[in-house]
Amino acid sequence: MKTGFDQQGGTRDYPNMIFAYGTLKENQTNHNVIKHGEGLFVGYAKTKRKMSMGGNGHFPFVAPKPALYEIQGELWAVSQQTLDQIDKLERHPTFLRRTETDIMLPEGEVTAWIYLACNFLDTRRYVVGHWPSAKNSKVANYEKTSAWQR
């Protein structure tokens, strides 16, 4: 695992903090963008602000309203090149819009980028703030996982 992570905002080579809540998470379909960009895993985290999560069965999306629950996910430090690739994947700013939000880790708070739905077309509402929401899905419990260890 790479070292040199700075809690205040990544490293010199990985200055962008990304909050992944869906297909960008480890072991999900689009994680290869972060993996090939050699992103640094910071830890399991959740949004400080309550939001809403919906989806179409293939991928989730998050909107700021209605404010139902904190969204659970993973925090990654990525390079500018990787951030640009994620912007393209998420069709920023027309489909999902990248915006900053406060993220809570067991050790404290950081500001990170999150991708929010431009139009919240709620085809399926997730009842909790994590994805995938299937019963047999592995969901990290952020309170029990150290953000600085993997």
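Which residue, with a positive phi, follows H2? In this predicted model, helix H2 is followed by Arg91, whose phi is near 55°. The surroundings of this position are described below, after an outline of the chain.

The secondary structure of the chain consists of two helices and seven strands. Read from the N terminus, the order of the elements is β-α-β-β-β-β-α-β-β. Of the 150 residues, 46% count as buried. The accessible surface of the chain amounts to about 8,300 Å², and 47% of this surface belongs to carbon and sulfur atoms. Among contacts between residues at least 6 apart in sequence, 72% join residues at least 24 apart.

The average pLDDT is 79, and 73% of the residues score at least 70. For residues 1-8, where pLDDT stays under 50, the model has 16 contacts beyond four places in sequence. For residues 134-150, also under 50, the corresponding number is 31. Where pLDDT is low, the predicted coordinates should not be read in detail.

Helix H2 spans residues 80-89, and its buried residues are Thr82, Leu83, Ile86 and Asp87. These residues lie on the same side of H2, because they cover an arc of only 145° around the axis. An α-helix has 3.6 residues a turn, so residues three or four places apart point the same way. Gln81 and Lys88, on the other side of H2, are exposed. The packing partners of the buried residues of H2 are strand E1, helix H1 (32-36), strand E5 (72-78), strand E6 (96-105) and strand E7 (108-117).

Leu96 counts as buried because its relative accessibility is 3%, below the cut-off of 20%. Not counting residues up to four places away in sequence, Leu96 touches Tyr21, Phe61, Glu90, Arg91, Tyr115, Leu116, Ala117 and Cys118. This list includes Arg91, the residue with positive phi that follows H2. Phe61, another residue touched by Leu96, is 35 residues away from Leu96 along the chain, and the C-alpha atoms of the two are separated by 8.1 Å.

Note on methods
Residues are numbered from 1 along each chain as its sequence is written. This is a predicted model: local features need pLDDT of at least 70, side-chain atom pairs count only at pLDDT 80 or more; totals for chains, interfaces and linings use all residues. Side-chain values use heavy atoms; hydrogens and water are left out. pLDDT is the predictor's confidence in each residue, from 0 to 100. Contact means heavy atoms within 4.5 Å. Buried means under 20% relative accessible area, exposed over 50%, partly exposed in between (1.4 Å probe, protein chains only). Helices (H or I, at least four residues) and strands (E, at least two) are DSSP runs, numbered from the N terminus. The arc is that of the directions from the helix axis to the C-beta atoms. Accessible areas come from the Shrake-Rupley method with a 1.4 Å probe; for residues, only the protein chains shown count as cover.
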